Amino acid sequence: MTDHIIQQVQVHLPNIPLEVVSQGAEALVFQTSVHPYYSKPCLPHQDKFIIKFRPRKPYRHPKIDAAITKNRTIGEVKFMAKLTKLGIKAPSVILADFPNGIIWMEYLGKKLPNGDVSSLKNWLWYYEKVLADESLCLGSEVQQACINVGLLIGKLHLNDMIHGDLTSSNILLEDSEPVLIDFGLSSYSGMAEDKAVDLYVLERAMLSTHSKYSDHYVKWLLQGYEQIHGSKEFRSGGKKLVETLRKLDEVRLRGRKRSMLG
Ligand SMILES: Nc1ncnc2c1ncn2[C@@H]1O[C@H](COP(=O)(O)OP(=O)(O)OP(=O)(O)O)[C@@H](O)[C@H]1O
């Protein structure tokens, strides 16, 4: 399956070395050492880039499939470009081929001491499972990283941007500075409901992936989220915060009722 998709992408990117990073439902993600048009790019990672490729879906009608691929790729790239413009940390887009579903972007994140990519998930797992020391898991470094994630998501929402798939895998850490990735389900909305659902998805992801300390992590995330809403940079942030947190309570209640009903 993957070999067949690699052949597909190589038609569009001949002679580009590709190393598979992940295969999701929607896209294949590759790492490459090559910049498409510049031998000395001015990016922090000079020799690593990410290529995200949306392969053809043979079960869809070819015309519909082509339109979906193109629109989703355009949507993701526009969202990323807006984040860059607003100074919300996310990979810079280097090149995009809309009809062929290709996004060439900046590589972000570091390797953890155990060799794993520094997603928030792996980083917290490193603390929880490798260091396995409660005082470190609940220490100031983890607290500050969670607060920083809350600040980042708050900034996103204050710009009426919704991530759509906020999990601890879709947040990478550059030291303790978080960056967002994967905007395949992103959208624009000023509605408190949409922001609350975004927060709820993250809250649930933290609970299922980091159950032992999730209460603390979520508390710190919300601390950062509240903090940015109080900043002078955003007018009526306080009012928006109250609305979103009220909705979050409603969404949690709906989620609980659903899980009680199975
Ligand atoms: N800019 C980037 N820098 C470094 N790593 C990245 C970058 N973008 C993606 N990755 C890596 O590739 C993985 C998959 O990326 P992404 O989530 O965008 O693809 P996806 O196909 O939508 O994934 P999924 O379907 O699993 O949500 C990430 O978890 C991360 O490890």
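Domain bounds here come from an automatic or database domain assignment. In this predicted model, the assignment divides the chain into domain 1, residues 2–106, and domain 2, residues 120–261. The C-alpha centres of domain 1 and domain 2 are 26 Å apart. The contact draws 11 residues from domain 1 and 12 residues from domain 2. On the side of domain 1 that touches domain 2, seven residues are nonpolar, four are charged and no residue is polar.

Helix packing was examined for two pairs that share helix α7. Two packed helices are described by the angle between their axes and by the distance between the axes. For helix α6 (residues 192–209) and helix α7 (residues 214–229), the angle is about 155 degrees and the axes are 9 Å apart. Because angles over 145 degrees count as roughly antiparallel, α6 is described as roughly antiparallel to α7. The crossing of these two helices, α6 and α7, is right-handed. From α6, Leu 202, Glu 203, Met 206 and Leu 207 take part, and they meet Ser 214, Tyr 217, Val 218 and Leu 221 of α7. The residues of this contact comprise six nonpolar, one polar and one charged.

In the second pair, helix α5 (residues 140–158) packs with α7 at an angle of about 45 degrees, and the axes of the two helices lie 6 Å apart. Helices α5 and α7 are therefore oblique to each other. The crossing in which α5 passes α7 is right-handed. On the α5 side, the contact is made by residues including Gln 143, Cys 146, Ile 147, Val 149, Leu 151, Ile 153, Lys 155 and Leu 158. The residues contributed by α7 include Tyr 217, Trp 220, Leu 221, Leu 222, Gln 223, Tyr 225, Ile 228 and His 229. By class, the residues of the contact of α5 with α7 are 12 nonpolar, eight polar and one charged.

Definitions and conventions
Residues numbered from 1 in each chain as written. Predicted model: local features only at pLDDT ≥ 70, side-chain atom pairs only at ≥ 80, totals over all residues. Axes fitted to C-alpha atoms, helices over the stretch in contact; angles between N-to-C directions. Helix = DSSP H or I, 4+ residues; strand = E, 2+ residues; numbered from the N terminus. Parallel < 35°, antiparallel > 145°, perpendicular 65-115°, else oblique. Left-handed = near helix turned anticlockwise from the far one by under 90°. Contact = placed C-beta atoms within 7 Å. Nonpolar A, V, L, I, M, F, W, Y, C, P; charged D, E, K, R; others polar.
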